Amino acid sequence: MNKHQFMNQLRQALSPLDGPAVAEILADFEEHFASGCSRGKSEETIAAELGDPLEIGRQYAEAAVAVPPVPPQMPVPPPAAPRSPRVREGALLGVILLNLFIGIPLWLALFATLAGFWAGAGSIGAAAVVLFVLAVFQAGVISLILVLFAIALTALTILAVILMVFLTKWLFKGLIAWFRWNRSLVYGGAAA
Amino acid sequence: MCPVDADPARPVRLRTASTLSETIQIADGTIYPILRKLASDGQVTTYLQESSEGPPRKYYTITPAGRQTHQALLAEWRHFIQHVHVITGGDL
């Protein structure tokens, strides 16, 4: 085997390696041949002393596999942490104080007012029913007046109930918004 | 394949591939993959120097880490052959 054949076989055996590494390795063997030739050895002798080029290539490839330059890092997605329940202590204290002194009294007052309105609407309705009952036991003009009053009160009751339904809905929505705002203060970031 | 300078003040001349194969039955080509691995592990550094005859010559310099490894491996080897001597009845 001459140098050319040796180098060709070595190049083939090195094919798993990348270009620059192959070029470097081949240069090492070029140098080895040049050094041997300058000492009067024939290409065939040098090639025989070097050994099997396929075996040499296999050793390079094994070393390259055994020590990968940089193991390719698979982008591992970080374990999906449950929404960080990181409590900001200062905000927590503030929210507690806010609710103690403003939130709870305010919302108690609002809901008490609401309950009062419902009671008012209920009593108007009750009054209308009483007037209807009274009208049954009266005769003539008084009965007519009582019935008209009862109808007026019934209409008023219906109006009040409609208003109260909306008011109740707004109040509950407001309370939910208040809770969310408090939570966003404590946990930070946008509230869910 | 050229001799290795450990450092200029105290050159350690390692055997070349050819001298190695004169001593033990080994193909000259075996040394190159090993040298390349030593370089990639940081045990030796290499540099090229232009040569008046032929391609540039590659020189290998042992690093402090390489020297440490060398000492550790030598100690391990001596330890090993001591035990082999004990097992084989102390015959050298």
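This is a predicted model: local features need pLDDT of at least 70, side-chain atom pairs count only at pLDDT 80 or more; totals for chains, interfaces and linings use all residues.
**Confidence.** I looked up the pLDDT of chain A first. The mean is 84, and 87% of the residues of chain A reach 70 or more. Among the elements of chain A, helix α1 (residues 3-13) has the highest mean pLDDT, 92. The lowest, 84, belongs to helix α4 (residues 53-66) of chain A.

**Helix α2 of chain A.** I then checked the span of this helix. It runs over residues 19-38, which is 20 residues, and covers 29 Å from its first C-alpha to its last. That is close to the 28 Å expected at 1.5 Å a residue. I listed the buried residues of α2(A): Ile25(A), Phe29(A), Glu31(A), His32(A), Phe33(A), Ser35(A) and Gly36(A). Just after α2(A), I found Gly40(A) with a positive phi of about 85°.

**Core.** I looked for the largest nonpolar core and found 18 residues in it. Leu10(A), Leu14(A), Leu50(A) and Ile56(A) have the most contacts inside this core. Two or more residues each come from α1, α2, α3 (43-50) and α4 of chain A, and also from α2 and β2 of chain B. Beyond its neighbours within four places in sequence, Leu10(A) touches Leu26(A), Phe29(A), Pro53(A), Ile56(A) and Gly57(A).

**Contact between the chains.** I noted 17 residues from chain A and 16 residues from chain B in the contact. On the chain B side, α2 (31-40) and β2 (57-62) are the elements that give two or more residues.

Conventions. Residues are numbered from 1 along each chain as its sequence is written. Chains are lettered from A and ligands numbered from 1 in the order in which they are written. Two residues are in contact if their C-beta atoms, placed from the backbone, lie within 7 Å. Helices (H or I, at least four residues) and strands (E, at least two) are DSSP runs, numbered from the N terminus. pLDDT is the predictor's confidence in each residue, from 0 to 100. The expected span of a helix is 1.5 Å times one less than its number of residues. A residue is buried if 20 or more other C-beta atoms lie within 10 Å of its own, exposed if 12 or fewer, and partly exposed in between; C-beta atoms are placed from the backbone. A nonpolar core is a set of buried Ala, Val, Leu, Ile, Met, Phe, Trp, Tyr and Cys residues joined through C-beta atoms within 7 Å.
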